[in-house]
Amino acid sequence: MADQVESQVPAGNGNDEPFLGPLDMVLLASLVAGAAWYLLRNRKKDNQASQFKSYSIQPTTVSTMTMVENSFIKKLQSSGRRLVVFYGSQTGTAEEFAGRLAKEGIRYQMKGMVADPEECNMEELLMLKNIDKSLAVFCLATYGEGDPTDNCMEFYDWIQNNEVDFTGLNYAVFGLGNKTYEHYNKVGIYVDKRLEELGGNRVFELGLGDDDANIEDYFITWKEKFWPTVCDYFGIESTGDDVLMRQYRLLEQPDVGADRIYTGEVARLHSLKTQRPPFDAKNPFLAPMKVNRELHKAGGRSCMHIEFDIEGSKMRYEAGDHLAMYPVNNNDLVLRLGKLCDANLDAVFSLINTDTDSSKKHPFPCPTTYRTALTHYLEITALPRTHILKELAEYCAEEKDKEFLRFISSTAPEGKAKYQEWIQDSCRNIVHVLEDIPSCRPPIDHVCELLPRLQPRYYSISSSSKLHPTTVHVTAVLVKYETKTGRTNKGVATTFLAEKHPSNDEPLPRVPIFIRKSQFRLPPKPETPVIMVGPGTGIAPFRGFIQERDLSKQEGKEIGKTILYFGCRKRSEDFIYEEELEGYQDRGVINLRVAFSRDQEKKVYVTHLLEQDIDLIWDVIGENKGHFYICGDAKNMATDVRNILTKVIRTKGGLSESEAQQYIKKMEAQKRYSADVWS
């Protein structure tokens, strides 16, 4: 361009011809306009970036449209709402409780919405005070060893590490935890305290639900006092009786093409047919099952050793991680429920949220068939909570049945006691309830709305990727038991797995899985001594640990004392991995301490062996700064083992009870004491 301009102005030409001709002016104007557009565009980008700053730990590029969609403040303002209920949920219970609170808000002139912290710009909490008589409620589960749930992690880190000013923010917290765990309700307790520290105004006292008991009862008891307090605080009144309202509307879709219908995918349509990494909770890998062998030798119970092929999936794991799998419900139960609701299970439908501002448009992937929904998406074996029974009561043809369901779903002490006896103690699921109350015949679409979402099941991985890089192993006991009503209840996931038998003659059965990372890890130095306590299937992660220690020994490395405490009923029945473990002991990899509870007149458990080995335990954890691990039952075994460890530290270390407790807390902080337990 510059060359062209120069050629049109001959050197030494002294006539009055203009310096730039018409073409030059057009070209120059184009250049100026282009430069101006470029500068304005970049300035606009900078303004947008500063206006929509994300609090996310990971740097993210967020478009204006996305931020508007994620703006819960804008949604509240545009729809005239004042209540937002956030949930931190791993299994769906906290999300369910959040939904119930938001729904009930209508009764108290507090029209509400449910929000997932992971999908929101949580810095907008600072603006909530600008909405008159507004309230933020947090239903937060504590997961693992005192951790926030996956969807609440960023919010938890944000309030933990930033001194934000929440002056004027009205809030309340209900925590969901389990008293058998060491860090009972740690997340709910912390968030409640931290919001107050940052200037927030606690409208109602912290609620703590215990999942080891009846968490539904804890929630209802808290909620009964919560709403009157909220009404008093804001000077509002209840609009009257509880109004049962559908959250989703039914859309029957008989003409939808087969390629648009969900058939069990977790999120993306056809994701199980066209597999694309990375694989995670919303995009599981359909893993071939290579091995499913029985570990028990006798006794009538079953324990499965299962191996999944993960070659080509790009999934990685370490010993101590968890494998999650999406099971499917038993076909017999699905058929029985369909019949009880007089449903055409192959009819195609969608449930569409009546709240157009909600980010959750459907309760599960839609459109789909009722058969798929009941098989892949809904927890039909879960014990129904009281709000489900209350809504089912409206479909009873017999008045006595209606009154009974209303009674056991009420907050009266007698009603709660009857719910405990008739639902919980008798282990009645939705199918059993409808079978035992024949005049109750709800429409299948409402049942699909009421039931909670089927959740993945987690198993401690029982292999090491250093030895098995392309396979992942799990160890699972088949759940099957008789109920007080004479029925046989079966575990969803273990029954699903037990029915799959790999054969050389047929394609390998496939299971949707993903890997969840854990903090349950061997010490980095193989010479560090370790004690592992894992009765029954609690041995699972330690099998991976032992494989790694054996590998280190084969490589000529020095390995520290590796002591395994294992317990089962009888050597001849359920001593799982017996040959493997004895082989490791013969090669000097482990010191194997086994308790057979029923092989002698007086029962012997791992706790008895630990009490006998006080000097050995102190040598490992006290003298040589070794690591101590527990895996298995949280309610009894893990608590007893921790108490024994406290006793060892107190007696051998010469410490008081409180000092011994502090010693263990310090071990936890140093990752020298770890527990992978379940209730």
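Biologist: To begin with, does lysine 314 count as buried or exposed?

Modeller: Lysine 314 counts as exposed, because its relative accessibility is 64%. Buried means under 20% relative accessible area, exposed over 50% and partly exposed in between, with a 1.4 Å probe and protein chains only. This is a predicted model, in which local features need pLDDT of at least 70, side-chain atom pairs count only at pLDDT 80 or more, and totals for chains, interfaces and linings use all residues. Residues are numbered from 1 along each chain as its sequence is written, and side-chain values use heavy atoms, with hydrogens and water left out.

Biologist: Where is lysine 314 found, and what is its phi?

Modeller: Lysine 314 is in the loop between β10 (303-309) and β11 (322-325). Its phi is near 65°, a positive value in a residue other than glycine. Helices (H or I, at least four residues) and strands (E, at least two) are DSSP runs, numbered from the N terminus.

Biologist: And what about lysine 671?

Modeller: Lysine 671 also is not a glycine, and has a positive phi of about 65°. This residue is found in the loop between α23 (657-669) and β23 (673-678). Lysine 671 is partly exposed, with a relative accessible area of 45%. Most residues other than glycine have a negative phi, and most peptide bonds are trans.

Biologist: How many bridges join β8 to β12?

Modeller: Five bridges join β8 to β12 (residues 348-353), and the two strands run antiparallel. Leucine 251 stands opposite serine 350 of β12.

Biologist: Changing topic: at what angle do α6 and α7 pack?

Modeller: Helix α6 (residues 153-161) and helix α7 (residues 186-197) pack at about 40°, and their axes are 11 Å apart. Axes are lines fitted to C-alpha atoms, for helices over the stretch in contact, and angles run from 0 to 180 degrees between N-to-C directions. The two helices, α6 and α7, are therefore oblique to each other; angles under 35 degrees count as roughly parallel, over 145 as roughly antiparallel, 65 to 115 as roughly perpendicular and the rest as oblique.

Biologist: Which residues make the contact?

Modeller: From α6 they are Phe155, Tyr156, Ile159 and Gln160, and from α7 Lys186, Val187, Tyr190, Val191 and Arg194. Contact means heavy atoms within 4.5 Å.

Biologist: Finally, which residues of α19 are buried?

Modeller: In helix α19 (residues 578-586), the buried residues are Glu578, Leu581, Gly583 and Tyr584. The buried residues of α19 pack against α17 (540-554), β20 (562-568), α18 (571-574) and β21 (591-596). Just after α19, glycine 588 takes a positive phi of about 80°.

Biologist: How much of the protein chain counts as buried?

Modeller: Of its 679 residues, 50% count as buried.

Note on methods: Two strands pair if DSSP finds at least two bridges between them.
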